[in-house]
Amino acid sequence: MNEVDRGALEEQFTLLRPEITRHCYRMLGSPFDADDAVQETMLRAWRGIGDVRHRESLRSWLYVIATHVCLDQLRQARRRALPMDLTEPAPGPGPLGTVRPAGTWVEPLPDLWALPADLDPAEITVERESIRLAFVAALQRLTPMQRAVLLLREVIGWRAREVADLLGVTENAVNALLRRGRAAMPSPRPAPSETDLDGERRALLGRYISAFERFDITALVRLLHDDATLSMPPYALWLRGAPAVVSWLRSREEVCRGGALVPVQVNGGVGVAQYRRDDFGLRAFALQVVETSAGRVTGLHVFLLPELFPLFGLTERIPDQKAHG
C-alpha cells in the first residue's frame with residue numbers, strides 16, 4: 001500500500017470512528033469497553049485492509065468487525081444496568097449501602113467521543129437520542145444477539161439479509177430476534193423530543209447549576225418534575241419523587257454546599273461535573289447526567305465515579321476562582 005492510500009484510509013478511519021464508537025457504546029453500555037472495542041475494530045480492519053473488496057464498503061465492513069468484537073466481549077460480561085433496573089426505590093434518606101462492582105453499571109458517554117461537530121443538524125438530533133442513557137440502559141436488557149439485530153435494523157438501517165449475513169444466521173432468525181427485541185424495549189428507535197429543545201435544555205441546566213451551587217432547596221424544588229428520580233452509581237440505592245430527592249439533598253448538605261458544577265455534554269444531552277470542596281479547594285466528586293423534559297428535571301444520575309472526569313477533558317481539581325468565575 002502506498003503512502004497516498006495509507007493516508008486516505010487513515011482519514012476514513014478517523015471520520016468513521018465516532019459512529020463506530022456510538023455503535024459499540026450502545027452494544028456495551030460503557031465508554032471504557034466501547035473504546036477498547038473500537039481500538040480492536042480498527043486494528044482488525046487495518047490488518048485486513050489489503051483485501052480490496054473491503055475498500056469500497058469500509059463503513060459496512062467496520063460495522064461487521066465492531067459487532068463481532070462487541071459480541072465477543074459480551075460473552076464474558078455481565079449485563080450492565082442502572083440502579084432502577086436492579087432494586088425498588090428507597091423511601092427516603094439513608095445509608096448508601098455497599099459499592100457494586102464497576103461492571104455493574106451503564107456508564108455515561110462524552111459527546112465529544114461520539115458526536116462530531118460537523119454532523120447535519122437533523123442527523124445529530126437522531127444520533128443524540130440513540131445514545132441517551134435511558135435508551136442504552138434499556139438495550140442492555142436484551143440478549144447480545146437481540147441487541148445487535150435491533151441496532152443494526154432499527155438504528156443503523158440495514159436490511160434483514162445484510163444482518164443475517166453479518167451474524168451468520170437466517171433472515172427468519174433475524175426477524176424473530178427483532179420482534180423479541182422490539183417487545184422488550186420501550187421504543188425500538190428513539191424519537192427526537194419536540195418539547196425539549198437544546199436552548200430550553202441548556203437554560204434549564206443553567207438554572208439547576210445556579211440553584212445547586214447556592215444550595216437553594218426552594219429553587220431546586222421548582223425545577224424538579226413530580227416524579228423525578230435520583231440514582232447514585234456505584235451504589236444500587238435510588239429514589240423516586242421530588243420530595244424524596246429533596247430530602248436526600250437536604251441530608252447531604254455538607255457534601256453539596258460550597259461545591260461547583262461545570263456543564264458537560266453527555267449522552268446526547270446535558271450534565272454537570274460536580275466538584276466538592278475540601279481543605280485544599282475543589283476536587284472531582286461526581287458526574288451527573290441530567291435528564292429533562294418539558295422544562296423540568298426528570299432524572300439525576302449522579303455517578304460517584306471521579307475516574308470518569310478525564311473522559312470529559314476535566315481535571316481532578318479546579319481553582320476556586322475558575323469554579324465561580
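A disulfide is a pair of cysteine sulfur atoms within 2.5 Å. Keep that cut-off in mind for the opening stop. The model on screen is predicted.

**Stop 1: the cysteine pair**

Select cysteine 70 and show its sulfur. The closest cysteine sulfur belongs to cysteine 24, at 3.7 Å, which is too far for a bond. Now centre on cysteine 24. Its closest cysteine sulfur is that of cysteine 70, again at 3.7 Å and too far for a bond. The disulfide count is therefore zero by the 2.5 Å rule. Are these cysteines buried or exposed? Cysteine 24 is buried, with a relative accessible area of 0%. Cysteine 70 is buried too, at 0% relative accessibility.

**Stop 2: helix α2**

Select residues 31–47. This is helix α2, with 17 residues. From first C-alpha to last, α2 reaches 24 Å, close to the 24 Å expected at 1.5 Å a residue. Next, colour the buried residues of α2: Pro31, Ala34, Ala37, Val38, Thr41, Met42 and Ala45. They lie on the same side of α2, because they cover an arc of only 135° around the axis.

Move to the start of α2 and show serine 30. One of its side-chain oxygens comes within 3.2 Å of the backbone nitrogen of phenylalanine 32.

**Stop 3: glutamine 146**

Jump to helix α7, residues 144–155, and pick glutamine 146 there. Glutamine 146 counts as buried, at 12% relative accessibility.

Conventions
Residues numbered from 1 in each chain as written. Predicted model: local features only at pLDDT ≥ 70, side-chain atom pairs only at ≥ 80, totals over all residues. Heavy atoms only, no water. Buried < 20%, exposed > 50% of the residue type's maximum accessible area, 1.4 Å probe, protein only. Helix = DSSP H or I, 4+ residues; strand = E, 2+ residues; numbered from the N terminus. Expected span 1.5 Å × (residues − 1). Arc of directions from axis to C-beta. Polar contact = N/O pair within 3.5 Å; in protein donor to acceptor, adjacent residues only side chain to side chain.
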